[in-house]
Amino acid sequence: VSAEGARPLEPSEDEDVLAEEALMQQRTGQPMDPQSAVEVRGLVQTFRSFFPKWDKERKTYAQKAPYHAVKAPQFAIKRGQLFCLLGPNGAGKTTTINMLTGVLPPTAGEGLIYGETVTHPAGMARIRRSMGVCPQFDILWSSLTAREHLEVFGAVKGMSVSDARLEGARRLEEVRLEADADNLAGGFSGGMKRRLSVVIALIAEPNIVFLDEPTTGMDPVSRRQVWDVIESAKQGRCVVLTTHSMEEADILGDRIGIMAKGRLRCLGGGVHLKSKFGAGYQIGVLAPPSSMDGVKEAFKELLGVEASAQSERHAAFSVPPEKEGLLPSFFNEFDRKKESLGVESVQVAMSTLEDVFLRIAKEAEEGENAGKTFTVMAPISQMPVQVMMGDTRVLEAGGERFQVVWGIDEEGNFTPVDVKPE
Ligand SMILES: Nc1ncnc2c1ncn2[C@@H]1O[C@H](COP(=O)(O)OP(=O)(O)O)[C@@H](O)[C@H]1O
Ligand SMILES: [Mg+2]
């Protein structure tokens with residue numbers, strides 16, 4: 001089966017993503033690479049609203065612009081690999097999975113799974129037999145027990161009742177649901193339902209498994225148990241997992257694709273992404289405004305780095321890996337100068353993949369939501385303050401200066417997660 005892919009709706013910038021696109025372009029019109037389990041050939045999902053919306057400012061009905069939720073990413077997922085689609089809320093992860101699992105017909109482009117075309121009903125029917133899916137939102141019957149769920153899904157996948165019963169019992173043990181095996185799923189907590197959905201996806205040894213945010217809303221202990229289950233389940237099969245947790249992607253993913261606003265932004269193994277984006281150190285210096293020039297001079301002279309971010313009393317410096325060797329002598333010298341410069345504090349942190357992820361999320365959000373505001377509570381006065389998308393330092397009318405810490409919240413939204421007095 002051959003398939004055409006749609007052209008990217010917006011050009012990619014990252015070299016790994018570009019290289020992957022070039023490889024996929026070469027395969028256009030050709031059958032799937034036998035090494036691949038999944039090939040995403042420019043899948044596009046455009047949502048159109050058919051009902052005009054009332055435009056308050058213009059006082060008229062206006063047609064909403066079509067929204068491109070997935071903008072023709074092109075990538076392949078190897079057999080036996082756990083591929084992690086990492087991205088904040090709204091990145092297009094679920095929409096991509098929905099197109100690959102036959103839930104949502106693509107607007108354009110093509111997806112292939114083990115040589116079958118997902119847009120072809122016969123192809124999809126063949127894939128379904130060996131596919132397991134854990135949807136983002138649990139689809140369970142409240143009047144069936146956990147055990148019954150596994151038996152039903154096992155039977156649907158062609159297992160005998162006794163085999164399904166046996167594997168079901170084993171799977172429920174894996175996620176510590178054995179004591180609740182005969183209880184109705186309707187009475188389960190959110191985390192229990194999630195664990196049940198994960199093992200449903202794994203019943204009958206599927207050779208492709210989609211797990212859409214499998215651990216969202218779980219307590220840390222259950223989360224680790226589910227990681228163990230996924231880790232052992234990935235032996236000999238392809239798993240596609242979505243998450244907005246960098247930690248989860250780092251621990252489970254053989255290969256990670258960071259997605260934001262419908263596009264793939266980075267691609268590679270955790271180690272590769274860390275050495276490409278995350279390596280090096282972040283140094284923050286807090287000092288009186290009058291010393292800022294002296295601080296910057298010291299960094300320039302001793303380390304050869306300029307400030308990467310700066311406010312009146314705070315400067316941040318990124319030290320690239322090739323300059324790490326200079327750090328011990330730098331700190332010796334800087335310690336001597338600290339007093340005369342009146343430096344109040346110095347923070348040193350190793351940059352992580354988390355920083356990369358946040359930066360990518362922030363850039364993507366700013367591209368589309370520049371000017372969007374959020375309300376935070378000022379740390380000292382506890383007054384509500386409006387901060388703009390991406391602002392990190394705020395001085396409000398009350399004169400309070402504080403730092404806004406941005407992050408990805410429980411739901412995967414890029415949002416202020418903390419405020420700290422500066
Ligand atoms: N049925 C739909 N109609 C209109 N917009 C949708 C629909 N489903 C998803 N979207 C939008 O598409 C974007 C991507 O959504 P989704 O794939 O759920 O992202 P993710 O799973 O990465 O959080 C979001 O902006 C979302 O609001
Ligand atoms: Mg989702």
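Author: Let's begin with Gln136, which counts as partly exposed because its relative accessibility is 23%. Buried means under 20% relative accessible area and exposed over 50%, with partly exposed in between, using a 1.4 Å probe and protein chains only. Do keep in mind that this is a predicted model, where local features need pLDDT of at least 70 and side-chain atom pairs count only at pLDDT 80 or more, while totals for chains, interfaces and linings use all residues. Residues are numbered from 1 along each chain as its sequence is written, chains are lettered from A and ligands numbered from 1 in the order written, and side-chain values use heavy atoms, leaving out hydrogens and water.

Reader: Okay! So what coordinates the magnesium ion?

Author: Thr94 through OG1 and Gln136 through OE1, at 2.0 to 2.2 Å. Thr94 sits in helix H2 (residues 93–100), while Gln136 is in the loop between strand S9 (131–134) and helix H4 (146–156), so distant parts of the chain, 42 residues apart, are linked. Donors here are N, O and S atoms within 2.8 Å of the metal (3.2 Å for Na, K and Ca), and water is not among the atoms, so sites may look incomplete. The helices (H or I, at least four residues) and strands (E, at least two) are DSSP runs, numbered from the N terminus.

Reader: Let's zoom out. How many helices and strands does the protein chain have?

Author: There are 12 helices and 22 strands. The C-alpha atoms fill a box of roughly 80 × 50 × 50 Å along the principal axes. Of the 422 residues, 46% are buried.

Reader: Which domains is the chain divided into?

Author: Domain 1 covers 15–276, domain 2 covers 280–350 and domain 3 covers 370–421. These bounds come from an automatic or database domain assignment. Between the C-alpha centres of domain 1 and domain 2 the distance is 44 Å.

Reader: What about the largest nonpolar core, how many residues does it have?

Author: That core has 60 residues, and the ones with the most contacts inside it are Leu172, Leu196, Leu211, Ile256, Ile258 and Phe402. It lies between domain 1 (15–276) and domain 3 (370–421), because both give residues to it. Another core, apart from this one, has 26 residues, including Ile97 and Leu267. A nonpolar core is a set of buried Ala, Val, Leu, Ile, Met, Phe, Trp, Tyr and Cys residues joined through side-chain atoms within 4.5 Å.

Reader: Which residues is Leu196 in contact with?

Author: Leaving aside neighbours within four places in sequence, Leu196 contacts Leu140, Ala146, His149, Leu172, Leu177, Ala185 and Phe188. Contact means heavy atoms within 4.5 Å.

Reader: Switching to sheets! What order do the strands take in the sheet of 6?

Author: The order is S9-S10-S11-S6-S12-S13, in an open sheet with mixed pairing. S9 and strand S13 (263–268) are at the edges with a single partner strand each, so one side of each has no neighbour in the sheet. The twist from one strand to the next averages 15°. Strands S6 (residues 82–86) and S12 (residues 255–260) run parallel and are joined by 4 bridges; in S12, Arg255 is the bridge partner of Phe83. Two strands pair if DSSP finds at least two bridges between them.

Reader: Where does H12 lie?

Author: H12 lies across S6, S12 and S13, at about 25° to S12. Axes are lines fitted to C-alpha atoms, for helices over the stretch in contact, and angles run from 0 to 180 degrees between N-to-C directions.

Reader: Which strands are in the sheet of 3?

Author: S20-S21-S22, in that order, in an open sheet with antiparallel pairing. Strand S20 (393–395) and strand S22 (414–421) are its edge strands, each pairing on one side only. On average, neighbouring strands of this sheet are turned by 35° against each other, direction ignored. Helix H12 (residues 353–369) packs on this sheet as well, touching S21 and S22, and makes about 95° with the direction of S21.

Reader: And S14, which strand does it run antiparallel to?

Author: Strand S14 (residues 281–286) is joined by 6 bridges to strand S16 (residues 314–319), with Tyr281 opposite Val319. S14 also pairs with strand S17 (residues 345–350), again antiparallel over 6 bridges; there, Gly284 stands opposite Gln347.
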